[in-house]
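Keep the sequence and the 3D view side by side.

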Amino acid sequence: MLDQLLARQTATCAHEGHLSASVLQEAIHLVDVRQEEVLVTLFAGVAERYASPSEDWPPPAEEAAHCETLASIPPGADAALGDLVAQAQALAGLCCTTHAVQSRLEALRAAAAAASRLADFDAARSAARLEAAADLALGFDAGSDYLDEAMLRTLRARRQDLHLHLLREAAAAAAEPGPAGSGVWAALRTLGLVPEAVRGAAAAFAEARIPAALGEGLAAGTGAGEGPPSGPVRRSARLLSPAPSSTSSCASGLGAGPSVERALYSALKTLCRETMEGDAELVAALGESLWPQLAEAYIQACLSPLLPTPDCAEAEDLASFGRAAGRGSKLEAKARTLGLLGTDTASEGPIAAYIREAMAQYALSSRTRLVEASAACLASWDSRDTRLVSLARPGSEDGAPPPADQPSLLVSAATARLLALARAALASACEAGSPVLAQAVAAGVVEVAALIAEFRPLEGADQLLLPWPAALRHNDCQAAYQLLAGLPHDLAPRLQALVHRAVNFANPGARVRRAGSDALAAMLAAQRAELCALAADAGVGVGGGLDGAGGLAARRGAAQLLAGFRRLGVTLREALDLSVRLEVVAALVNAVCDQLLEAILGARDISVDESERLPRLFREFTDGVLDAGLGLGRKAREDADVSAREALQHATPSLAKLKEVLELVEIRLTEIAARWEDGRLSALGLAPQEVAHLVRALFEDTPARRALLTALGKAR
């Protein structure tokens with residue numbers, strides 16, 4: 001068979017130049033069949049002669065085992081077995097020769113197959129059948145053990161060239177972007193190059209399209225009149241071209257014209273639907289590599305320059321960043337619909353994460369700065385530095401006094417600045433449209449309200465016991481309360497939409513208002529104690545004669561009482577609202593009059609001379625205390641002042657009672673009895689026992705006095 005094969009090989013080589021694969025395969029098959037037949041016969045005989053009764057002799061499967069078996073046969077075996085051994089040994093030698101020839105034949109066959117695949121590969125490449133070429137390239141490794149080095153280098157070079165061609169095609173299509181060519185992605189899948197190709201496509205798109213899209217959008221933004229950004233436009237050196245010399249903004253809206261977002265979305269849509277052929281798996285893999293790069297470039301070019309700093313932020317700056325953040329969020333949402341960010345809608349993209357973190361940081365800084373600025377304002381509180389604010393909308397003034405037709409309130413300049421600061425900060429946060437910022441600033445306003453409620457002057461808490469500082473403190477708290485109560489209405493509906501309903505200004509406002517009322521009450525208590533002490537001095541001589549030291553002390557006390565009310569009235573007239581002023585003055589007048597009534601009604605004996613001098617002693621006080629308390633002085637009074645005096649007169653029943661007692665002191669007993677009978681004394685608040693005690697102190701025991709005392713006793 002070998003001779004025939006070699007002869008045929010010689011003839012074929014002379015005629016065709018090489019053996020065909022079919023001829024080689026046929027020859028090898030015949031040799032293998034013959035070798036198997038001889039070996040089976042040999043080892044069947046050996047097994048039959050030397051087989052153990054208990055177990056079968058397993059036929060060896062390798063040539064080395066064959067030789068060991070032959071060597072184990074002892075000398076002197078029978079002739080038949082010896083002949084078989086000789087034949088087997090001869091056949092073993094022939095097998096060695098056959099294997100050598102087989103190796104040569106395998107090499108020839110592998111070379112022929114490689115040449116055939118190479119020719120088919122070149123034909124497929126020429127016909128642009130890339131998927132078929134990829135299939136052929138995968139078979140280049142078949143029979144590589146039998147191929148020479150030159151053929152291996154050729155095959156590897158052709159396959160590497162195909163790899164590079166496919167990767168370049170994918171990258172070039174992404175850079176346009178446009179279709180990648182027929183069979184490119186199928187060939188890449190066949191060769192297992194999809195991950196590398198996707199990374200290359202992402203890099204090519206990032207290099208070619210992101211700067212172009214940003215450049216078109218920037219130019220369009222300048223034309224739209226959005227204005228330059230508040231800071232320098234920082235760009236990625238790897239992805240973006242140098243910034244243009246003229247300032248421009250990428251903050252244009254999504255209206256007419258090629259904005260940044262429109263340009264980017266158009267390029268991404270073409271990339272996903274045409275370049276990636278709409279394949280969801282390819283688009284998702286592309287998004288993992290491309291979207292972080294694109295988001296970084298977009299953030300640096302379009303969001304970072306517009307992010308204002310808390311120390312110099314204005315409402316328009318916050319609004320501009322809010323609009324830019326909204327467009328960035330919409331762009332990322334559209335990218336998610338394309339499949340670039342995966343299908344998990346709960347996951348957060350890099351643009352949304354940047355916006356959230358930036359706004360959270362800015363919100364925290366804004367809240368901190370608001371609280372610190374408010375604390376600084378309160379530290380500069382000075383009762384001598386005042387300002388008028390609108391009672392309807394405190395904190396809305398720009399430094400100018402409110403219109404004359406609007407109700408106003410005199411507050412400290414520090415509080416006016418604080419209220420304006422808090423209102424402006426919350427209004428800017430609502431205008432920006434960020435829930436995070438609005439929530440943080442609203443919490444800052446609540447902290448500011450706590451600072452106002454807990455405020456104490458640097459000079460000490462005793463300063464607030466004085467009328468003027470206490471009145472300003474009351475007004476400051478009242479203005480802060482009005483601000484807190486009016487914010488939900490003034491900033492509606494944005495405030496309600498952005499701030500959680502758990503954050504409210506009612507409780508902080510009530511606390512601030514209570515702090516102002518407490519300050520006014522403390523001042524009122526201090527003034528009451530001081531004036532009542534003067535009233536006690538004025539009533540020292542009552543019942544003991546108004547001559548000597550007692551009379552001098554009484555006259556001095558009465559004069560000081562009226563002077564004290566005049567000073568207080570002038571102070572409160574400028575500081576407090578009329579309704580509050582009436583309440584304060586009425587409380588003090590009633591307290592002083594009660595003190596004087598106690599001294600007069602408590603006297604055991606009032607002489608005739610004393611009864612004549614006592615009304616003159618207190619007449620100036622009783623006639624002028626209302627005007628003094630209102631700060632009217634002796635000038636001509638307006639209609640409003642007359643109305644205020646009438647209101648105060650109705651609120652001071654103790655003064656009317658004191659006037660009546662002073663009249664009773666100097667009239668006859670019969671007139672006192674008549675006034676009691678017609679109910680006048682009861683209407684003015686004089687109790688029967690008080691009238692009886694006064695009658696006993698004024699008049700001697702007579703039938704008329706006894707009759708009146710009897711009537712008074714029955715009235716009890």
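**Charges, rings and a helix**

Glu660, Glu663, Arg675 and Arg680 are joined in a network of salt bridges. The model is a predicted one. In total, the structure contains 21 salt bridges. Side chains of opposite charge can pair when their charged atoms come close.

Start with Lys657 and Glu690. These two form a salt bridge, with the closest N and O atoms 3.2 Å apart. Lys657 belongs to helix 23 (residues 653–665) and Glu690 to helix 26 (residues 688–698), so the bridge ties together parts that are 33 residues apart in sequence. Lys657 is buried, because its relative accessible area of 14% is under the 20% limit. Glu690 is partly exposed, at 24% relative accessibility.

Next, find Arg423 and Asp490. Their side chains meet in a salt bridge at 3.2 Å, N to O. Arg423 sits in helix 14 (residues 413–432) and Asp490 in helix 16 (residues 467–490), so this pair ties together parts 67 residues apart in sequence. Arg423 is buried, with a relative accessible area of 7%. Asp490 counts as partly exposed, at 26%.

Now look at Arg384. Its salt bridge partner is Asp382, and the closest N and O atoms are 3.2 Å apart. Is Arg384 buried or exposed? Arg384 is exposed, because its relative accessible area of 73% is over the 50% cut-off. Asp382 is partly exposed, with a relative accessible area of 25%.

Charges also meet rings here. The charged end of Lys334 sits over the ring of Tyr265, 5.1 Å from the ring centre. Arg513 lies over the face of Tyr481, and here the distance to the ring centre is 4.6 Å.

The structure holds two aromatic pairs. In one of them, Phe565 and Phe621 have ring centres 6.1 Å apart and planes at 55°, so the pair is tilted. This pair links distant parts of the chain: Phe565 is in helix 19 (residues 548–575) and Phe621 in helix 21 (residues 608–630), 56 residues apart. Both Phe565 and Phe621 are buried.

Finish with helix 6. Helix 6 covers residues 149–175, 27 residues in all. From first C-alpha to last, helix 6 reaches 38 Å, close to the 39 Å expected at 1.5 Å a residue. Which residues of helix 6 are buried? Among them are Met151, Leu152, Leu155, Arg159, Leu162, His163, Leu166 and Leu167. Ala170, Ala171, Ala173 and Ala174 are buried as well. An α-helix has 3.6 residues a turn, so residues three or four places apart point the same way.

Notes. Residues numbered from 1 in each chain as written. Predicted model: local features only at pLDDT ≥ 70, side-chain atom pairs only at ≥ 80, totals over all residues. Heavy atoms only, no water. Helix = DSSP H or I, 4+ residues; strand = E, 2+ residues; numbered from the N terminus. Expected span 1.5 Å × (residues − 1). Buried < 20%, exposed > 50% of the residue type's maximum accessible area, 1.4 Å probe, protein only. Salt bridge = Lys/Arg side-chain N within 4 Å of Asp/Glu carboxyl O. Phe/Tyr/Trp six-rings, centres within 6.5 Å; stacked < 30°, edge-to-face > 60°. Lys NZ or Arg CZ within 6 Å of the ring centre and 35° of its normal.
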